[in-house]
Amino acid sequence: MKIRIMGTKEECMYSQEFFRRLGMSGNVKCCSVSGLYANRGSVGYYRVYIEIESKTDSDIFVDSDRIGIPQSQNKISRRG
């Protein structure tokens with residue numbers, strides 16, 4: 001999954017840290033976080049690019065106690 005985040009410098013820096021920690025948490029297989037890029041044509045807005053590779057279907061169960069998701073919602077369902 002590829003994600004582009006746009007916002008103020010502080011918002012983008014917060015997002016970088018959030019996704020770096022997500023990548024280290026073991027809940028995703030791989031997570032890469034780009035540096036901070038200034039938005040073209042606007043003052044004070046920046047971009048960050050995130051790439052996340054999810055675990056295999058058999059590993060999709062989330063450690064609900066660690067991240068605060070109620071037990072009834074701790075499995076991600078996939079369509080298809």
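Select Y49 to begin: in this predicted model, its relative accessibility is 35%, so Y49 counts as partly exposed.

Two aromatic pairs are counted in the model. One of them is F18 with F19, an edge-to-face arrangement with 5.1 Å centre to centre and 85° between the planes. Colour these two residues by accessibility. F19 is buried, because its relative accessible area of 13% falls under the 20% cut-off. F18, at 44%, counts as partly exposed.

Now return to the tyrosines. Y37 and Y49 also form an edge-to-face pair, with 5.8 Å centre to centre and 65° between the planes. This pair links distant parts of the chain: Y37 belongs to strand β3 (residues 37-38) and Y49 to strand β4 (residues 46-53), twelve residues apart.

- Select β1 (residues 2-7): six bridges pair β1 with β4 in the antiparallel sense. Look at M6, whose bridge partner in β4 is R47.
- Select β2 (residues 30-33): β2 and β4 run antiparallel and are joined by four bridges. Here V33 has I50 of β4 as its bridge partner.
- Select β3: two bridges join β3 to β4, again antiparallel. A38 stands opposite Y46 in β4.

As a last stop, keep β3 and β4 on screen and show the side chains of Y37 and Y49, the edge-to-face pair that connects these two strands.

Methods
Residues are numbered from 1 along each chain as its sequence is written. This is a predicted model: local features need pLDDT of at least 70, side-chain atom pairs count only at pLDDT 80 or more; totals for chains, interfaces and linings use all residues. Side-chain values use heavy atoms; hydrogens and water are left out. Rings of Phe, Tyr and Trp (its six-membered ring) pair if their centres lie within 6.5 Å; planes under 30 degrees apart count as stacked, over 60 as edge-to-face and the rest as tilted. Buried means under 20% relative accessible area, exposed over 50%, partly exposed in between (1.4 Å probe, protein chains only). Two strands pair if DSSP finds at least two bridges between them.
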